[in-house]
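Here is a short briefing on a protein structure. Look at the sequence and the model, then work through the points below.

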Amino acid sequence: MDRKQCCVKLSVQPSRGLMDEKFIVLVQNALPGSQLTIRALHQCEDGHSWEAFGHYTADTTGTINLSEDPSIRGTYSGVEQMGLLWSLRPIPGSKPGLRMRKKNIQTPMEVTISVYQGHQTEGFADLVPLSGVVVERWYMAPGVRGFQLQKVDSPQPFFLPLGPGPFPGLLDLYGLGGQLVEYRAALLASHGFASMAIDYVNSKFTIETGKMVDSQYFETAYRVLQQHPQVCKSRIAMIGFSFGTSITLKMAIYSEIIKLSAAVCISGSHVQPVDGSVEEILRFSYKNAGKTRFSEKDEKIWRDQLLPIPTDPSLKADVGRLQCPLLLLVGEDDQSCPAQESALDIKEMMAQAGNSHLLTVLSYPNAGHLIEPPYTPHTRSSNFRTTGMPEKVMYLWGGQTVEHSRAQEDAWKKILVFLRENLYGGRNPTLFSHL
Amino acid sequence: MTQAVPPILSVTPSRALVDEKFQVLVENLPPGCPVTLCSLHRSEDKDDWEAYGHYVSDHRGVVSVSEDLSFGGTYTGKEPMGLLWSMRPVPGSRKGLRLRKINVCTPMLVNISVHSGHEGFRDRTPLASALAERWYMAPGVKRIDINKQGVQGTLYIPPGPGPFPALLDMWGGGAGLLEYRSALLASRGYVSFSLDYLWSEYLSADVEFKYFETAFNIIRNHSQVIPDRVGILGSSLGSMVAFDLTAYSTIIKPRCIVCISSNHYHPPGTTLKAGFKILSKHFHKAHFDENNHMSWRSFALDLIADPSNNVEVGRINCPMLLVNGCDDQNWPTVETAEEVARLLREGGKEHLLSRLAYPGAGHLIEPPFSPHFRATKFIILNSKEKVILLWGGHTKAHSDAQEDSWRKILSFLQLHLYHSPSVKANL
């Protein structure tokens, strides 16, 4: 080992952070002008290894600061403070179609960050790093309590911030992918919202009958949330992703029971039979299964199923009737859902109805369908099994990694500001200092 | 009926090492609103410690502890970390308490809350709360119990491939084995060995001396340690052992030493216990302040006036950093440092020495943001008698000293144990 490089010091601050917090990676005491590789390694819950790396040159003081210095090449390039996280991808030789989603959010994501001599691109497992640290990334802030709220059908994960409250409430709906995802609800609770993750895909009813739950399922969830002593009854919002958007719009517009203070719709569409049941909405999009295309890599492209955007008003949720602020997030390279076309149509419908002051559209060029919390890896395509389908197939979600990651970072910031303004009173829309 | 929405309290980062700063922010308050920010910690001994500051929100309804002035409480002025360093036992607590974490594998939990108003804030339920975790151990730091060649203690190893520079870490008398400083040093890149050395009687001073040399060698020979980059960090009695080892050992050569609350009193040929016995014969000369707290400073000053009682620090040949408080009421540490400087100057070695003397700081100079203890219970080893010892220091000055000295200690260690030390050894 090169003796002179034996005392390279690597530090990451903070070493324990929330998933949406930035960190500063600092290398000190390296040989001035030396070439070094900084690499992140993470083993996810299902045992797959993910890595990211950047090639750097130490300056005249022997220092590399990732918030100031550029990576010359690697899984990311340029000045990218968080590149070691968002550019994580499965190590060479991994099976294709992997996606990183944390199931157990009571424990942190652990990432080992190391610095290596020279500009390395592969075979890291056989190299001895000069220095290494472990970083923890948490979905839950200290004091946030996670427990199950009893509902009609089955217990739902609920995350409550610390303190007397009362807190504004959030109903969090993900898309149709197999299992319940709690991490966004946990992270939102870490920002002061009492959040319930609604599992509508694996409800007892769906498992037994093979059919989707109906409006009452969501209305009951809303009521249960409202009735919690630490939840502010009149300040409840809904956040829906992908198919969750269809449900969010349906509830926001048509439900007599659910009265939302705000709605956030990510990567979704308003194209659905007006006043259709949830089951009917689902069947509607499958109806056009013949329009499914395939990429040159044989990945399923779903976006055409709802296209062209119908002119028949009975086939679109009547957004002109919306009475609460709506934030729409769109990836312009979304290959699963025509979110951009839908957003344009929603804009027009609301302009005609005179309620467009309620609408904010955030449209991100080259971002794909899976707009997740920031600094999580971008998945352009993955193996996916949707409700009612027996097998996992490769789906194309879209997006180019760099732009998609920037979109995730910006979208999250804006979602938090939007929710804060509409649920906490909006007197003070300060940006979070750690984002 | 609409319920009022509470203000938003955030602590960033919510999980941090104990020497890292945080930002406490309250938002969504009415403008110009008087509030009190309060911190509360329940210690491992089940005592409650608290601090608080009175604030007024600005026109945006914001209180920022980093930017705004506290108008009163346990601290005043612009004090981003006041909610930690100004903590003291809640009214009604037992007397003479000291806050020191024993289990460093778990974080110190501090509950931060915001209450409306200033006077009588405790009578009101908080408007909002947040929990901060303060860690002594960074993720990946390993803790290993050592019981080897008769030496006992706990070793902390940083994450990473190693090997690393290392430290022998020694506390003073009056407590069991304390590991938190070693855990923190490991989190900053040093293998650190917290040595247990006050627990048994030694047959002779030579045997005792060998114990320390063996401890040093155990570190030096560890597979994760760079053998020629081992230093010693000692506080109070521990600093005496550091001086002693470095001045007299023919087999160990520390690369540098740090002495906090410097003490070089060691009557020749005595074990630590015997030396303490000699010391205790002078207790009748101790000065008791208006609270009946015992100060050793004045009789100790007489003792160290006789050089034959002291370690011959002029023999030391490695860089040294001495950190002392000018208001130290327990030991004449500043005078000791002056004596060390004089002896080194005589030997043409003053360039090896760096001295930090903090006005208003007392004897117990701890890692940053720890509460200040002006006087605490102390069990006299020989007699098992409990007294309250006066350590000295005034809280604000002492806390500033803790913050500044820790930074300087880390940069001293980085210079001498990580970098190749240059000829000029001063900071």
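Is B:Ser236 buried or exposed? B:Ser236 counts as buried, because its relative accessibility is 18% and the cut-off for buried is under 20%. Keep in mind that this is a predicted model. The points below start with the annotated sites in chains B and A, then turn to the backbone.

**Active site of chain B**

- UniProt, in an unreviewed entry, places the feature "active site" at B:Ser236, B:Asp328 and B:His363.
- These residues are spread over 128 residues of sequence, yet they cluster in space, with a largest C-alpha distance of 11.0 Å.
- B:Ser236 sits in a loop of chain B, between strand S14 (225-235) and helix H4 (237-248).
- Setting aside residues up to four places away in sequence, B:Ser236 touches B:Gly172, B:Ile260, B:Ser261, B:Asn263 and B:His363.
- B:Asp328 also belongs to a loop, the one between strand S18 (320-325) and helix H7 (333-346) of chain B.
- B:Asp328 counts as buried because its relative accessibility is 1%.
- Residues up to four places away in sequence are again left out for B:Asp328, and its contacts include B:Ser261, B:Arg297, B:His363 and B:Trp391.
- The side chain of B:Asp328 also reaches the backbone nitrogen of B:Asn330, at 2.9 Å.

**Active site of chain A**

- Which residues does UniProt list for "active site" in chain A? The unreviewed entry gives A:Ser242, A:Asp334 and A:His369.
- They too are spread over 128 residues of sequence but cluster in space, and the largest C-alpha distance is 10.5 Å.
- A:Ser242 lies in the loop between strand S14 (231-241) and helix H5 (243-254) of chain A.
- A:Ser242 counts as buried because its relative accessibility is 17%.
- Leaving aside neighbours within four places in sequence, A:Ser242 is in contact with A:Gly175, A:Ile266, A:Ser267, A:Gly268 and A:His369.
- A:Asp334 is in the loop between S18 and helix H7 (339-353) of chain A.
- A:Asp334 counts as buried because its relative accessibility is 0%.
- Not counting residues up to four places away in sequence, A:Asp334 touches several residues, among them A:Ser267, A:Arg303, A:His369 and A:Trp397.

**Cis peptide bonds in chain A**

- A:Gly165 and A:Pro166 are joined by a cis peptide bond, with omega about 0°.
- A:Pro166 lies in the loop between strand S11 (156-160) and strand S12 (167-173) of chain A.
- Another cis peptide bond joins A:Leu307 and A:Pro308, and here omega is about -5°.
- A:Pro308 is in the loop between strand S17 (300-301) and strand S18 (326-331) of chain A.

**Positive phi in chain B**

- B:Asn28 is not a glycine, but its phi is positive, near 70°.
- B:Asn28 is in the loop between strand S3 (23-27) and strand S4 (34-42) of chain B.
- B:Asn28 is buried, because its relative accessible area is 11%.
- B:Gln149 is not a glycine either, and its phi is positive at about 50°.
- B:Gln149 sits in the loop between strand S10 (142-148) and strand S11 (151-157) of chain B.
- Is B:Gln149 buried or exposed? B:Gln149 counts as exposed, because its relative accessibility is 60% and exposed means over 50%.

Definitions and conventions. Residues numbered from 1 in each chain as written. Chains lettered and ligands numbered in written order. Predicted model: local features only at pLDDT ≥ 70, side-chain atom pairs only at ≥ 80, totals over all residues. Heavy atoms only, no water. UniProt positions renumbered as here; feature names shortened; annotations may be inferred. Helix = DSSP H or I, 4+ residues; strand = E, 2+ residues; numbered from the N terminus. Buried < 20%, exposed > 50% of the residue type's maximum accessible area, 1.4 Å probe, protein only. Contact = heavy atoms within 4.5 Å. Polar contact = N/O pair within 3.5 Å; in protein donor to acceptor, adjacent residues only side chain to side chain.
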